[in-house]
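I opened the model today to go through its domains, its annotated spans, its interface and its confidence. My notes follow.

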Amino acid sequence: MSTEDRTTGPTRQSNRSGPVVAITRWMENLGETGFAYLLLTPVMLLLSAIALYPLLRTFELSLYQNVLSDPEFVGLENYVQLFTGGASARLPGSTTFLPGVSTSGSFPFVHVEGLLRSALAVTLIFTVVSVFFETIIGFGQALVLDQDFRGRRWVRAAIIIPWAIPIVIQGMIFYLMFHPSAGFLTGPLSNLGIIASTNTLNDPFSSLLIITVADIWKTTAFMALLILAGLQSIDRSLYDVAKVAGATKWQQFKLITFPLVLPALGIAVLFRTIDAMRIYGLIDSVSGCTTVPSLSCMVVETFNTNRGLAAAVAFVTAGLIAIAVMGVIYQQYKEGF
Amino acid sequence: MGTEPDPAQTADDEMGPLERWTHGVVNDQEKRNRLYKALFYVAAAFFLVTTLFPFYWLLVLALTPSVRQADWNVSIPLLGEVPFPTPQGFNVHAFVEVFQQVPFHLYVFNSFVLATTTTIIVLLLASLAGYVFGRLEFPGRGLMMLAILAVSYFPPAAFLIPLFDAFLGNAVVVPFLGIELFEPPRLVNTPGSMIMPFSALFLPLSIFILTTFYAQIPDGLEDAARVEGTTRLGALFRVIMPLSAPGVATAAVLTFIAVYNEYFFSSIMALNNQPEQWSPLVGGILSYQTQYTTDFNLMAAASIVGVLPMLIIVVVAQEKIVSGLTEGALKE
């Protein structure tokens, strides 16, 4: 696998010399495998420095306490603290990692107030609810975009636009929409009893609701585009056959569209799940991390005070996401990677 | 298929209008199609209104000089007062004031510099990797692609703590061995502390897009260039990359949008969100939220200014975004 005909033909033995020429000649004489690894080196170096090293180091830090002043190896103690709600596993705003192990200890396992004070529960609730609605609405948008109609290009652009706007502006829009003294929705919605009328953006339930709606507004487009791609890869002649056979539109949808779009739908759901579990910026810009504590929020809020614990939370978050990533990889593998 | 007169039609006379209509819809192809069409337009209109309304809301706020006194109700005959915001004034000056209260243009400028630099780095590195994955056969190819894929999905929070330490200038330590490698320069408050994480996080998507495109260039074209005396790298940058221009543009557009929109590292690595610390758009918007807490019209105006570049990109490069997103996700 070393040198092939490539090395002889094109490489002219130049009379010029110097380091550049020497390096060029050396690269040209590398075999395919060697050349491949050489070109991948910069990518691998960057990913090792920015992803692999921090991940390993985070795990190491999560095994220590008092990392900043006097590091002390404590093994899995930080993880134990997280899952039992030990005294050190507290955050500003009496946030914990798990529900049911909340501050006073008097909460039953599923108490709304206790649930919304726990980073794990908030992240999972947010993920499940937002991905659920994004899938349904995204499917609807994809079905609309799949039709042929005048102005389709503009409707598609309009649907994509929320996806392309900065998170901080998405946050600002919903912050302004629900701000007690600026927003127009706080009054009517609090009259209906859906959200709190005062300090709306400091109320855990109202804020989580607002943040979920904001996320659905922005990222449904991503779902719609992936589902649309799945819809457009369906063989149109199947529908002609179905029409001849007298199938109704609903039957066509149930028996052709849905099963055939399912793989694309599955991938889209996995991608959104992975992304939703990382939520931070939207929370930070709408109501702040102490009101709606997500896992990433917990890391950012504590890493300057309790580094070992923050590292443990970060590593657990990475582990949770790794499970979803495995799902993606399995899907790819099944389809013949 | 056909719309021959239905035998049931004759019995229609004894039914009420609603019953007749539903009956017609069930049996008459023509009416059914009209119903589907109506449903379609209702759905399309609904999606248009829900996606675009928040931007209308920003505009209303920006034009309203005193938001606190604003009355967001409209009276509609029959329904009475309905909560619907309309501009209470026409204060275009807010769009000038945005740049006076806070040096907002500097934040936007920083965002553009960061996004452009990252895009160039990503295109360069992803081109090398895309060439390797798309055109070369070597052991460990599939495994390395999977590793790169996995990296891009980990949460930034999992990388934050050691990166922040290193960017503060603390020594980089080999995990579990405790050996100090080197003391990096202090990178917080400089573009490097943001460009490096951005490049790593957004690299994988571009690699996958470019791999697909580079793999499609016929071998003959590359060979022809090589016979002419071009090196392998020369062939990549002078033949394969220009021939894959649509793919390169797609990767560039998606990377630019991703960096411009990024929140996590943008808000953390510029310690005080100051423009001199290379704080991008995030810092500019947040400084309105934290310092000018009652100037809601300015917050809205700043958001509109910040969103404009993305509006233009979406309208101009729509096809690229759609193809890049779907290919990146579905064909990886």
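I take domain bounds from an automatic or database domain assignment. On that basis chain A splits into domain 1 (1-8 + 18-61) and domain 2 (117-293 + 321-334). I looked up the spacing: the centres of domain 1 and domain 2 of chain A, taken over C-alpha atoms, are 40 Å apart.

Ground rules next. This is a predicted model, where local features need pLDDT of at least 70, side-chain atom pairs count only at pLDDT 80 or more, and totals for chains, interfaces and linings use all residues. Residues are numbered from 1 along each chain as its sequence is written, while chains are lettered from A and ligands numbered from 1 in the order in which they are written.

I checked the UniProt record, an unreviewed entry. It annotates "transmembrane region" on chain A at 35-56, 119-145, 157-178, 208-234, 255-274 and 308-330. Such annotations may be inferred rather than shown by experiment; positions follow the numbering used here, and feature names are shortened.

I then took two of these spans. Helices are DSSP runs (H or I, at least four residues), strands likewise (E, at least two), numbered from the N terminus. Residues 119-145 of chain A are 100% helix and 0% strand, with end C-alpha atoms 37 Å apart. Residues 255-274 of chain A are also 100% helix and 0% strand, with 29 Å between the end C-alpha atoms.

How many residues of chain B are in contact with chain A? I find 86, against 86 residues of chain A (contact: C-beta atoms, placed from the backbone, within 7 Å). Helix 2 (residues 29-63) of chain B gives the largest share of chain B's side, 12 residues.

Last, confidence: the model scores ipTM 0.87 and pTM 0.87.

How values were computed
Two residues are in contact if their C-beta atoms, placed from the backbone, lie within 7 Å.
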